[in-house]
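Work through the exercises below with the model open beside you. Try each task before you read its solution.

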Amino acid sequence: MSIAVCPGSFDPITYGHVDVIKRAATMFDSVIVAVSTNSAKRYMFTDAERVQLAREALAAAGVEAEVELVGGLIAEFAAERGAAAIVKGLRGTADYDAEVAMALLNRHLTGVETVFVMGDPALNHIASAFTKEIAAYGGNIDDLVPANVACAIRGKVKK
């Protein structure tokens, strides 16, 4: 059985993330969405909220995937789970430049390869940070994130 790990902070999960995870699910027998934690980052959502939002968004999109919180190195998590690959979405050359070194380092650490999936061009402009900023200024985010996520962002912005 081939397993893929799709890592990210998912703060929050967007339609771009859902697209990449959905396509990974067609290439591998099992997909684990690894919600990463990084103490140096400030998140809008708690770890538990990010996991729950991802689970709900993927279920609503009909994507079968496990969602787990990961506190350590993604490469080690992938190796421990017996993953054949780490799957990363790319929106363009800037993503590639940032991800290639990480892919090589992950392979060096554990032997787990990284598979790059080109993002849907219609979704390339979507980023979690942009979504949160748009919402903070009262902009419409309904076509950037799943409905459960849009509702959760609006709830956070109101506070």
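**Exercise 1. Find which helix or strand gives the most to the lining of the largest pocket.**

Solution. H4 gives the most, with 8 residues. Helices (H or I, at least four residues) and strands (E, at least two) are DSSP runs, numbered from the N terminus. H4 covers 93-110. At least two lining residues each also come from S1, H1, helix H3 (74-80), strand S4 (85-90) and helix H5 (128-136).

Two notes on the model come next. It is predicted: local features need pLDDT of at least 70, side-chain atom pairs count only at pLDDT 80 or more, and totals for chains, interfaces and linings use all residues. Residues are numbered from 1 along each chain as its sequence is written, and side-chain values use heavy atoms, with hydrogens and water left out.

**Exercise 2. Describe the volume and the lining of the largest pocket.**

Solution. Start with the term. On a 1 Å grid over the protein atoms alone, a pocket is an open set of points with protein on both sides within 12 Å along at least five of seven lines; lining residues have an atom within 4 Å of a point. Grid points are joined across faces, edges and corners, and the volume is the space filled by probe spheres set on the points.

- The largest pocket has a volume of about 1200 Å³.
- It is lined by 47 residues, and those closest to its centre are Pro7, Gly8, Ser9, Lys88 and Glu99.
- The lining divides into 21 nonpolar, 16 polar and 10 charged residues. Here Ala, Val, Leu, Ile, Met, Phe, Trp, Tyr, Cys and Pro count as nonpolar, Asp, Glu, Lys and Arg as charged, and the others, Gly among them, as polar.

**Exercise 3. Inspect the loop between S1 and H1 at Phe10, Pro12 and Ile13.**

Solution. First place the loop. Pro12 lies in it, between strand S1 (3-8) and helix H1 (15-27). Phe10 and Ile13 belong to this loop too.

Next, check the backbone. Most residues other than glycine have a negative phi, and most peptide bonds are trans. Phi of Phe10 is near 50°, a positive value. The peptide bond from Asp11 to Pro12 is cis, with omega near 0°.

Last, check exposure. Buried means under 20% relative accessible area, exposed over 50%, partly exposed in between (1.4 Å probe, protein chains only). Phe10 is buried at 5%. Ile13 is buried at 1%.

**Exercise 4. Determine which side of H2 holds the buried residues.**

Solution. Helix H2 runs over residues 47-60. Its 14 residues reach 20 Å from first C-alpha to last, close to the 20 Å expected at 1.5 Å a residue. That expected span is 1.5 Å times one less than the number of residues. The buried residues of H2 are Arg50, Val51, Leu53, Ala54, Ala57 and Leu58. They cover an arc of only 165° around the axis, so they lie on the same side of H2. The arc is that of the directions from the helix axis to the C-beta atoms. On the other side, Ala48, Ala59 and Ala60 are exposed.

**Exercise 5. Count the disulfides.**

Solution. A disulfide is a pair of cysteine sulfur atoms within 2.5 Å. By this rule the count is 0. Cys6 is buried at 3%, whereas Cys151 is exposed at 54%.

Definitions and conventions: On a 1 Å grid over the protein atoms alone, a cavity is a set of points where a 1.4 Å probe fits but cannot get out, and a pocket is an open set with protein on both sides within 12 Å along at least five of seven lines; lining residues have an atom within 4 Å of a point.
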